[in-house]
Amino acid sequence: MVSNEWITAADGTHQVFSNPLEIPLNDERQYRLIRLNNKLEALVISDPETDRASAALDVNVGNFYDPDNLLGLAHFCEHLLFMGTEKYPKENDYFSYLSEHSGYANAWTSSEHTNYYFEVGHQWLDGALDRFAHFFIDPLFLNTCTDREIRAVDSEHKKNLQSDSWRVAQIEKSLSNKNHPWHKFETGNLETLMGSPKKQGLDIRDELLRFHSNYYSANIMKLCVLGCESLDELTASVVEKFSAVANKDTVLPKFEGHPLSQEYLNKQIFVKSVKHTRSLDITFPFPGQSQYFECQPANYLSHLIGHEGSGSILSYLKKKGWATNLGSGCCYDRDNGFYHAWIELTESGLENYEQVVVTFFQYVDMLKKQGVKKWIFDEVQSLAEIDFKFAEKCSPSNYTSWLVQNMQVGYPPSMVISGSTRLRSFDADLIQQHMDLLNKDNFRLTVSAQSLPDHITLDQVERWYGTEYQVLPLSDKLTENLSNAETTDDFALPTPNGFLPRHLNVERHTIETKQTQPDLIQETATLRLWHKKDDTFWIPKTSVWLNLRSPLLHATPRHTVIAELYTRMLSESLNEYAYNAEVAGLSYFIGFDFRGFFLNVSGYSEKLPLLLEKVVDRMKHLQFPQDRFDVIKEQAIRDYDNFHLEAPFQHAAYYATYALLEHMWKIDDLRSEIKDVSLQDVQSTFPLLLAHLHLEALVHGDMNKAEAIDIVRNAETMIQPRPLSASQFVSNRSVLLPEGHSYTYQLAVADAKDVNSAVEFYMQVCDCTNVPLRTRLSLMSQIAQEPCFNQLRTKEQLGYIVLSGIRSHVGTNGLRVIVQSERDTVYLENRILDFLDVTLGKLLQEMTDTEFQSQIDSLIAVKTERHQNMNQEGGKYWSAIDSQYFEFDDIEKDVAELKTITKESFQDFYRKFIHPASPQFKKFSVHLQSQVPPSDRDAVPAPISTSSTASLTSSDTSTQSDDDDDLVTTTSVSSAADDTPDKTDDQVVPAISQMSKENLTSLHGCLTATPYGKHLTLERLETLVAKDLEQGTHAEVILRKLLVDELKTNEDQVEQLLNELAEQWRVAEAAAEKRPDQATTNTDGEDAARTSLRDHTKLPEGTIVIEDLLQFKKMMTLSTGAVPFFLFARI
């Protein structure tokens, strides 16, 4: 026996916490907290109902522990840890296993945590958990992966270079106590992890091993495992798999002082933003909050300061025309915290930012004079208790990842689940002490905007993100105004919350057969109402979805802009009223699309009708002041402008959607139209938008049919719509790409400073109602996902963002690949084509029957998963309704079809729809090319590692388009099999891709002809490349390593030498082939490999380059509109 609370197990392998854990009332899962003999604590959760299992492990170490000369090392460790273990040495074994068994994994690094987690079908937890455990027992940290993962870290950093949140955060960190690690650059990049270590004479892998040895210790790790097995089975599995994790009794160092020390207070930082934003951040040094979890004093303050009702700071600032949004709260680590009040300013607010600061302190002074109120604490505590009591399940990996963070905080063991959620005791003195920290001598300001006040000179540039900024002391005027500020009657404490639910009882009874779809309970000329009474989750909540269909919203860009402004005005007008509802767990959202408005109201059922009635009444009778309209309009204009500063991969997806949808206005159309839209235009138009409507609604939750009819019919009565005519029900449609055609649309990245380019590559496959094809497409998406990521991101290091999956439009489905990269977009498209042709083809050809069946079983497991919460179930029903297909039984159809799919029929599907040489291949791609010259992107050329054998190819065909010349350009490109392709820096070196032990003599002759290789012996060359050849490493990777690591070639000459070697190799090999004694016969695999070598400087032959997307859409055939599966006549 260890203590009264911890009891040693009979076999002596672990201890068990013997007291009960605090869990939500509705949570029927079983929990057990254990401690292994190596001091690793683990929480095991048995959920017999779960379809998915998960595990997460948190190491209590993050970037705070990076050596000062190796910034980003903790983050780099997170990346490289996944690259194989002694038991499972294949570098992508873990991700392959998860992908094949309906799973996924991820990790993140913060200041004091590195958090690893995975999720998988429950049947395959044991295999996944064993692989996961060995990352913490015997990771390989393969030297061959080191450079690749440094590039992955660098690419992750570069995707954030134009992110204002990252830029501002780094400035705030750099302007802090240099004796505290909070000031460090946390992500890492090529400079900190490759360039700097080399200059210092350090081997980065050796340093990583030292870091791992120092900090990856069982005594500072927390583990959580969730599965359907019993607690005893899960416990045994954890003991078996994790007892071997080394315990080094690591003692974490303490960091003295606060990051925001006195010398950095009473300052104002001005930052030039990338986007058209204007923000003010008031920051106070605070203590860490973990020790105060029973009272949570910072939560009390943020409840009041962040309140948006009458008498609040935000309410006052909006009336003055100075702000549009406000948020507040405390972020903290183990010992220190920061209390932030963040305010989104208007143009007038930026001009008067000092008065905004004075306003903030006037409100705080009011709070201090009013004193700490127990009734406010009680209300916050009551809401927290209700939310905890009726907490619903989330995804298992989200839950386990969150729990291991909780376990690191140091809550009493019985509170590892509830510690951060429940408020336990009122401590007025403690709250007052925290309130006193919000004083006028204990803060600093950060002002961020594209156009700053005239007196700001922006005389400094932050090192890691290149952000321009200036630091000044607080102005004398601000200091004086703060000293002389008086309280005002404009501020008041919030009134008691009328939305606080009181009636929370749910009638729970046994259901023998659960309902699998909603009932259609009302249908008129203006309304179709669906209802599903909750029979699964038994919580006092309801969701109401409502579509208000009106063709006018999308009739012209002007109508769409007016709808945009109307919904923003509506939300703004309801903000003070609805804020209390939101605090009380009741929320609404209103938006619009091409079909009309959509409204969702969800939360605790008791007060939901009250909120729904208020929202609909305001929709019908909106009145809005001119000054607030001007703010809303200016905000909408900024949002349109900021769209062009989003990440390139998002723009690629946007233009693909625009090209493939029949009806969609471009952002530029809306931006042009909004300039002269007036308040009167909106006020006079929105009644017309609501005059003719069709309402489609779903009520799902603990409301019965009668209650559902009452609230929806009441909404209909308040709106009083006239019915639409039959012709007004025409839905949007999608472009149908012609078979054998490949289209590309190219444009520049709008943000001239973004180093990233992006490609969205879309292969159209089938109508969404085609069950046989859509199920095969789903299977293809599942099978291709991990190999796509592994090949294009992990091996080739094209960029941090590599995504693949299904793209669905109205009436059509297809497979897409998205890559964001510093490489040229034409190069990226060719790499995607090679993946589809070579890597994916080889994978499918070599897949065994057992492996194929495993993929089928995995997809069936995904499709038949039970809903985890009420919102997920209701969302599934609403998706079927909103699509207008009403296909509630799609899962049953798909699963039945999946059970009939053979490997041969699936390979036929690949050959017909996915292989680029197929006559039926239909492709549309969007290229967003960075405007930054390649020489300015700091891009280290990434290695290419790909299979050399293509398979499952159909006959080689090329297609030409007869489309109009003013619309498209058909590229004329040399054959991919051309022996003498043009060579550029962005090109794979095709001439030397067939390296083997047999032709090293030719390579040796080429290398010794260079100044760098003249002393290289053949024996030395064979030794250097032997291991890489055995592992099938691509020739370009081997050559780069030889040139840089062994021959010490200058980096700026590597590309030139690669191209020279390629030409020499080609000549030597051509001569060898002509010798009779060397004559050989090519195998089918060699021929296939040769045809897969593309000229990466050009688009493939026959590609149609689109000049005008609108003309392109006009020339295309369109899909059919939504045709309901549901036969309403049966109702």
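Start with a lysine over a ring: Lys1113 lies over the face of Tyr658, 3.9 Å from the ring centre. Tyr658 also has the charged end of Lys666 sitting over its ring, 5.5 Å from the centre. Keep in mind that this is a predicted model. The chain has 35 helices and 30 strands, and 58% of its 1131 residues count as buried.

**Aromatic pairs**
- The structure holds 48 aromatic pairs.
- Take Phe293 and Tyr411: their ring centres are 5.1 Å apart with the planes at 70 degrees, so this pair is edge-to-face.
- That pair ties together distant parts of the chain, 118 residues apart, with Phe293 in the loop between β10 and α9 and Tyr411 in the loop between α14 and α15.
- Phe293 is buried at 13% relative accessible area, and Tyr411 is buried too, at 9%.
- Tyr399 and Trp402 make a stacked pair, because their planes sit at 20 degrees, with centres 6.2 Å apart.
- Both Tyr399 and Trp402 belong to helix α14, three residues apart, or about one turn.
- Tyr399 is buried at 10% relative accessibility, whereas Trp402 is partly exposed at 30%.
- Ring pairs also join up a cluster that includes Phe82, Tyr94, Phe95 and Tyr116.

**Whole chain**
- Of the contacts between residues at least 6 apart in sequence, 82% join residues at least 24 apart.
- The accessible surface is about 45300 Å², with 48% belonging to carbon and sulfur atoms.

Methods
Residues numbered from 1 in each chain as written. Predicted model: local features only at pLDDT ≥ 70, side-chain atom pairs only at ≥ 80, totals over all residues. Heavy atoms only, no water. Helix = DSSP H or I, 4+ residues; strand = E, 2+ residues; numbered from the N terminus. Buried < 20%, exposed > 50% of the residue type's maximum accessible area, 1.4 Å probe, protein only. Contact = heavy atoms within 4.5 Å. Areas by Shrake-Rupley, 256 points an atom, 1.4 Å probe, with all protein chains shown as cover. Phe/Tyr/Trp six-rings, centres within 6.5 Å; stacked < 30°, edge-to-face > 60°. Lys NZ or Arg CZ within 6 Å of the ring centre and 35° of its normal.
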